[in-house]
Amino acid sequence: MSYVHAVPVRNAAGLLLAAVTLAGAPARRAPGGPAAVSAKLSEWKVELSERSIAAGTVTFTVANVGSIPHAFEVEGQGIEQETAVIQPGSSATLTLTLKPGTYEVYCPVGEDSHKKLGMETELKVVAANVQAIRVTSGGPAIQILPGPFPFPDSAAPILKQFGDEREGLESQVKNGPYSNNVTPISGTFTFTAWDKGAVRDSVDGVAEFTTQDGARWRLALDRVQTKDVPHHPRFGGVILGLYYHGNTAVHTPLVPTINSAVALWAFGHLYKNGALVTDNAMVHVMLLSRTRRDGDFALACWDCSKHKIEELQLQILPGPGEPKLDAPGGFLFVNWEKSSSAKLAS
């Protein structure tokens with residue numbers, strides 16, 4: 001996985017690359033940057049977005065969603081660190097470097113009285129290693145076309161955090177790439193991705209599908225993209241195990257919250273009806289928790305993170321400086337609704 005700098009984006013194509021929706025594998029970190037784990041404190045429990053993470057630096061973003069003050073402490077393997085007391089409705093961060101082992105995570109308020117009332121859980125930290133995954137498309141295939149965002153009221157509070165990018169994001173609420181404007185199509189997609197860290201990530205795969213206008217498309221993936229991914233948290237390359245979007249307040253809010261088995265950013269060779277369109281297409285792929293329902297394939301949830309991971313998303317944009325694709329909105333967005341994956345030996 002690579003960690004890169006973002007560029008502001010104010011158009012549907014840019015939002016599309018950032019806006020895909022996917023806790024299975026241990027959370028991964030970008031070289032030079034910490035892994036991200038969110039935590040919620042309330043009466044009387046501690047909820048973590050990840051129960052297992054790779055060893056290294058991790059930043060906990062802790063929200064007190066309860067009605068009384070709480071705090072957040074991590075203890076184990078020679079570490080015992082905590083936040084200051086967090087008032088209801090407020091949040092705090094805690095950044096630690098963790099080695100493999102099991103850690104207690106709890107609220108220390110009231111000389112551990114909150115912990116004794118149930119505000120405790122465990123976090124497992126495992127040794128980081130190279131992993132690979134093979135993904136095969138399955139189930140109905142759909143093409144997602146430009147249209148209104150189905151959850152504008154849910155996204156509105158989070159949009160306030162995006163500063164200069166807010167205007168561009170708000171325009172996508174009315175007519176963006178993540179909509180219920182869908183049509184059944186046909187096609188297949190199989191790929192293998194390797195998470196090796198930094199710029200050594202790699203991908204190999206082919207997608208073939210026919211869009212709503214009868215055009216036949218073929219995408220050959222052969223290299224990852226490791227920079228210029230818009231919005232937060234500025235990822236590139238291949239990431240195995242990721243929890244973000246939507247109400248996590250991480251990355252663009254204009255998608256549901258999801259978990260993923262794999263997320264990747266890549267370049268590919270794109271063909272239409274047998275003719276090369278570009279050998280520099282920008283591609284975003286995720287195998288994620290199911291966001292759309294059977295039948296009409298409308299978005300079924302604002303927080304989809306606990307659904308089965310089986311929805312395979314493929315998003316394709318023209319290369320930098322190239323004209324829009326000859327498709328609605330100038331991009332291609334295809335889902336396979338019941339796909340599968342298998343971890344491979346490193």
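Author: Two strands count as paired if DSSP finds at least two bridges between them; strands are DSSP runs of E of at least two residues, and helices are runs of H or I of at least four, both numbered from the N terminus. The model is predicted, with local features requiring pLDDT of at least 70 and side-chain atom pairs pLDDT 80 or more, whereas totals for chains, interfaces and linings use all residues. Residues are numbered from 1 along each chain as its sequence is written, and side-chain values use heavy atoms, without hydrogens or water.

An open sheet of four strands runs in the order β3-β2-β5-β8, with mixed pairing. The edges are taken by β3 (45-48) and β8 (91-98), each of which has a single partner strand, so one side of each lacks a neighbour in the sheet. From one strand to the next, the twist averages 25 degrees (axes are lines fitted to C-alpha atoms, and angles run from 0 to 180 degrees between N-to-C directions). Four bridges join β2 (residues 35-42) to β3 in the antiparallel sense, and Ser42 has Lys45 as its bridge partner in β3.

Elsewhere, Gln143 belongs to strand β12 (residues 141-144). Its relative accessibility is 1%, so Gln143 counts as buried (buried is under 20% relative accessible area, exposed over 50% and partly exposed in between, with a 1.4 Å probe and protein chains only). The side chain of Gln143 reaches the backbone nitrogen of Gln212 at 3.0 Å. Leaving aside residues up to four places away in sequence, Gln143 touches several residues, including Asn181, Thr211, Gln212 and Phe333 (contact means heavy atoms within 4.5 Å).

Phe333 leads on to the aromatic pairs. Rings of Phe, Tyr and Trp (its six-membered ring) pair if their centres lie within 6.5 Å; planes under 30 degrees apart are stacked, over 60 edge-to-face and the rest tilted. There are eight aromatic pairs by this rule. Tyr178 and Phe333 form a tilted pair, 5.7 Å centre to centre with 50 degrees between the planes. Tyr178 lies in the loop between α4 (166-174) and β13 (182-195), and Phe333 in strand β21 (residues 332-336), so this pair ties together parts 155 residues apart in sequence. Both partners are buried: Tyr178 has 3% relative accessibility, and Phe333 has a relative accessible area of 0%.

Tyr178 also receives a charge, as the charged end of Arg292 sits over its ring, 5.5 Å from the centre (NZ of Lys or CZ of Arg must be within 6 Å of the ring centre and within 35 degrees of the ring normal).

Notes. Polar contact = N/O pair within 3.5 Å; in protein donor to acceptor, adjacent residues only side chain to side chain.
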